[in-house]
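This briefing concerns a predicted model.

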Amino acid sequence: MLSIRGLTKRYGERTALDALSLEIGAGSFCVLLGPNGAGKSTLFQLVTGLFAADAGEIIVGGHSLKREPSAALRSLGVVFQQASLDLDLSIRRNLLFQADLQGLPRALAEQRIRDDCARLSIDADLGRKVRELSGGNRRKIELVRASLHRPPLLLMDEATVGLDPKSRRDLLGTLQADVRELGVSVLWATHWVEEAEQADRVLVLHKGKLLADGTREEVTSALGEPTLEAGFISKTSH
Ligand SMILES: Nc1ncnc2c1ncn2[C@@H]1O[C@H](COP(=O)(O)OP(=O)(O)OP(=O)(O)O)[C@@H](O)[C@H]1O
């Protein structure tokens, strides 16, 4: 689903990603765990084509981002750290705007918007302005927006920032259900160790390199401390 080889990105003297390689298959909930400045957002900016890498290759859904950018980008959906909904437009307008960008037929788009919002228990009134919604519901709308074209890969960059524990748990639960029921893959970037609890796989990123990659148990053991949290803190605090 996602294949990254030798990905390097530098900002002047600073190396944000250092020859990073990773593979993510279908139907997997992967947590990319990294402290502030590890390179998580940089990775997402490169995979979504916002910035170009200095070296390396990105393949999404079997398509090279460099050679077939449209096909590669159609294979992914993304929720960035910074919310980007238009607060003065309604839920429906925000979502239709994205559906139009993706070239979805209007009837299909309307159907998906109704179904997906109902599934996430978002306000029954899709005519409400986004400004009137809680932070948790805004995040859910961003998730609906990212999934409208049914991409096989979803990238979530610190998607629970500002959410209360219940909203955070609901959002995680929704995505985990999508992984089990629809076979999508999720790459969930966070610095919160507890968000890795239900992960199929944990990838620990530090200073642009992968420190460990495997199940929660494998990564805990690789980091050499009794708990994942203790290992994460001890290995990424220098
Ligand atoms: N536009 C930029 N110009 C210069 N340096 C940058 C830029 N963007 C990121 N960096 C640097 O690249 C490194 C990786 O940053 P990045 O934002 O990708 O980390 P992150 O893991 O997403 O961190 P956070 O959890 O704080 O969002 C950091 O050292 C950061 O200071």
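Helices (H or I, at least four residues) and strands (E, at least two) are DSSP runs that are numbered from the N terminus, and α1 is named in that way in what follows.

**The shell around the ligand**
- α1 contributes the most to the shell around the ligand, giving 3 residues.
- The residues that surround the ligand are Tyr11, Arg14, Ala16, Gly34, Asn36, Gly37, Ala38, Gly39, Lys40, Ser41, Thr42 and His191, and the elements supplying two or more of the shell residues are β2 (14-24) and α1 (40-47).
- By residue class, the shell around the ligand comprises 7 polar, 3 nonpolar and 2 charged residues.

**Strand β3 and its burial**
- Strand β3 (residues 29-33) is largely enclosed by the rest of the structure, because 5 of its 5 residues are buried.
- In a regular strand, side chains alternate between the two faces of the sheet.
- Both faces of β3 are covered, with Phe29, Val31 and Leu33 buried on one side and Cys30 and Leu32 buried on the other.

**Pairing partners of β3**
- β3 runs parallel to strand β8 (residues 185-190), to which 5 bridges join it, and Leu32 stands opposite Ala189 in β8.
- With strand β9 (residues 201-206), β3 pairs in the parallel sense over 4 bridges, and here Leu33 stands opposite Val204.

**Annotated domain**
- An unreviewed UniProt entry places the feature "domain: ABC transporter" at residues 2-232.
- Over residues 2-232, the chain is 36% helix and 26% strand, and the end C-alpha atoms are 24 Å apart.

Technical notes: Residues are numbered from 1 along each chain as its sequence is written. This is a predicted model: local features need pLDDT of at least 70, side-chain atom pairs count only at pLDDT 80 or more; totals for chains, interfaces and linings use all residues. A residue is buried if 20 or more other C-beta atoms lie within 10 Å of its own, exposed if 12 or fewer, and partly exposed in between; C-beta atoms are placed from the backbone. Two strands pair if DSSP finds at least two bridges between them. UniProt positions are given in the numbering used here, feature names are shortened, and annotations may be inferred rather than shown by experiment. A residue is near a molecule or strand if its C-beta atom, placed from the backbone, lies within 6 Å of it. Ala, Val, Leu, Ile, Met, Phe, Trp, Tyr, Cys and Pro count as nonpolar, Asp, Glu, Lys and Arg as charged, and the others, Gly among them, as polar.
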